[in-house]
Amino acid sequence: MKNGIDRRKLIVVLPALLASSPAFTATRKRGGEALSRCLGQPATLTHPAEAAGTSKLPPRPIFSNEDQQSAIIPGFPRVRFWANSEEDYARAVPNQLGPWLALSTGAEDGAYGAGFLNGWTASGQRPEFSVVTGASSGAIIAVYAFAGPKYDAVLRKAYTSVRAADIFEVRATPESIVDSWPLERLVQQHVTTELLADIAAQHRQGRRLFVVTTNLDAGRAMVWDMGAIAAQGDDPALVLFRKVVLASSSIPAVFPPVLIEAEANGHRFHEMHVDGGVNGPIYVAPERYLLSSGDRRLLASELYIIVNGKLTNEFAQTDQTMAGILGRSFSVALKLGARAELFLLAQAAQRNGIDFKMTLVESDFDQPERGVFDPQYMQALFDRGVAKGLHADFQQKDFMTCSLEPNASRCSESALTIERRLNKPAQRRLQCLAL
C-alpha cells in the first residue's frame, strides 16, 4: 500500500477509471492527485458509462436467504464454509499443530510476498505449512505457496513480468468499469491440471489451503477449501478452482463479479462473488478465536503473516479536492483496519503460546510507481521481498508495541486497547468501512 488511493477498494477510484484510458494508466496512489486531474476532464466521463448502458445481462434466477444458507455447489458438497462459522472452521482445519501462513491483500504489491517466498526458499528455512490462507492478490500467492517451492519461478514471473494490459482491458461492462478477461485468461493458463494434482496431494497429507471470497448476496466472507476441490481431480474441479481464484481477486465494480452456480431446496441459482479483501485484508480464523473473551484456540505452532504493502501513514500534503480528500482518508482508514486486525492476531497468538512472525513493506521503500502494475515498481518490490526472505527477516515481539509506527513516542496503544475499541459499535462500523 502506498499513500493515497488503494486501487483494491473501488469507491475512490471509480471516477478516475471512468475518465479515460490514458488517465487510468497514469493513475498514482498519491493522495488522489491523478484522480483530481481526471475529474478536471468532465467531457470524457460520459463515454464509458454510456457504453456500459448499451447492453444488459440476463436476470439471475431469484433465490432467498433460506436458499443461500443451505446452498451447496453441485458435485462439491463440502468445499466451503462461512468465514465466521466456528463449527465448520473447526472441522476444516488440521487437528494437529503446525506452522500456518496467511497472505494479505495487496494487488500489485503482492510482488513483495512473491519475492519473500522466493528468498525464504533460497534461505533453506522455509517450512512446510500445515495451513495457508489468502485473499485477493494473497489468494494467488497462497495457491503457489501451498503447492510448494517448485512453483517459485511461476510466482516470480507472475509478479515481475505482467503489465496492466495482462490484467484488464479498459472497456466498461454492465457490471464493471474495466473488463478482467485478460486476468481470467491468465488464471486459466496458470491454474493447470498439474497444479491441481500437486495441491490435491498436499491436501491428502492433511494440509489445508483456504481462499476467501466475498459473497455479495449474503454480504459475508466465504472460505473455500481449495485442496478439497482439487482432490476431486476432474474438469468441473478445475473450472471451480479457477473461478474461486478469479473471484477472490475481482475488485467489486472495477472488475466484473464471478457467478458461481449453487443449489438448494430443489433449484439452482448463481451466487455473486467478488474480492475476498472486501471483508478484511487477512483471514486466519473466525473472530471468536482472536478475541480475549473467546474460548477457542488456534492450532498453529507458528503463525507467519506476509503483509503485501505498507502499514505506516507517511506525510503527504493532501490536495484540497474531493478526490484528494477521499483518497487520503481511505488510505488512512484501510491501514488502521489492517493494523487493528494484525494486533488482534498477535494478541491471540500470544495468549495461545504461538510464535507470531510478520513481514511487511517497510516505510523506507520509495520506488516510484508509474501507473498500475508498473513492471519496474513490481520488480523492485519483488527484489525487496527476496532480500528480506533470504534472511527470514520477520518482525516478532516488537510488533506488539512500536514496529508499525514511525514515531516510537506514539506506540502506546496496546492490542487490548484496540480490541476494546473494536468492540464498540462505532469502531466496528469504522473497521467495516476500512476493510
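Me: What makes the residues around V132 its contacts in this predicted model?
Reply: Contact means heavy atoms within 4.5 Å. Leaving out residues up to four places away in sequence, V132 touches L101, L103, A142, A145, F146, R208, L209 and F210.

Me: What makes the phi of S136 worth a remark?
Reply: Most residues other than glycine have a negative phi. S136 is not a glycine, yet its phi is positive, about 60 degrees. S136 sits in the loop between β3 (131-135) and α8 (137-147).

Me: How do you know whether S136 is buried or exposed?
Reply: Buried means under 20% relative accessible area. S136 has 4%, so S136 is buried.

Me: Where is A392, and what is its phi?
Reply: A392 lies in the loop between α16 and α17 (415-423). Its phi is near 45 degrees, a positive value in a residue other than glycine.

Me: Why does A392 count as buried?
Reply: The limit is under 20%. A392 has 19% relative accessibility, so A392 counts as buried.

Me: Why is α9 called oblique to α16?
Reply: The axes of α9 (residues 152-160) and α16 (residues 375-390) cross at roughly 140 degrees and come within 8 Å. That makes α9 oblique to α16. Roughly antiparallel would need an angle over 145 degrees, and roughly perpendicular one of 65 to 115.

Me: Which residues form the contact of α9 with α16?
Reply: R156, Y159 and T160 in α9 meet P375, M378, Q379 and F382 in α16. The contact divides into four nonpolar residues, two polar and one charged.

Me: What makes N118 a buried residue?
Reply: N118 has 11% relative accessibility, so N118 counts as buried against the limit of under 20%. N118 lies in helix α7 (residues 110-123).

Me: Which residues does N118 touch?
Reply: Not counting residues up to four places away in sequence, N118 touches D152, A153, L155, R156, F382 and V386.

Me: How do you know that K310 is buried?
Reply: The cut-off is under 20%. K310 has a relative accessible area of 8%, so K310 is buried. K310 is in the loop between β8 (302-306) and α15 (322-351).

Me: Why is I260 called buried?
Reply: I260 has 1% relative accessibility, so I260 counts as buried. I260 is in strand β6 (residues 258-264). Beyond four places in sequence, I260 is in contact with I73, W224, L240, K243, V244, F269, H270, E271 and H273. The C-alpha atoms of I260 and L240 are 8.0 Å apart.

Me: What share of the whole chain is buried?
Reply: Of the 435 residues, 56% count as buried. The chain has 18 helices and nine strands. Among contacts between residues at least 6 apart in sequence, 77% join residues at least 24 apart.

How values were computed. Residues are numbered from 1 along each chain as its sequence is written. This is a predicted model: local features need pLDDT of at least 70, side-chain atom pairs count only at pLDDT 80 or more; totals for chains, interfaces and linings use all residues. Side-chain values use heavy atoms; hydrogens and water are left out. Axes are lines fitted to C-alpha atoms, for helices over the stretch in contact, and angles run from 0 to 180 degrees between N-to-C directions. Helices (H or I, at least four residues) and strands (E, at least two) are DSSP runs, numbered from the N terminus. Angles under 35 degrees count as roughly parallel, over 145 as roughly antiparallel, 65 to 115 as roughly perpendicular and the rest as oblique. Ala, Val, Leu, Ile, Met, Phe, Trp, Tyr, Cys and Pro count as nonpolar, Asp, Glu, Lys and Arg as charged, and the others, Gly among them, as polar. Buried means under 20% relative accessible area, exposed over 50%, partly exposed in between (1.4 Å probe, protein chains only).
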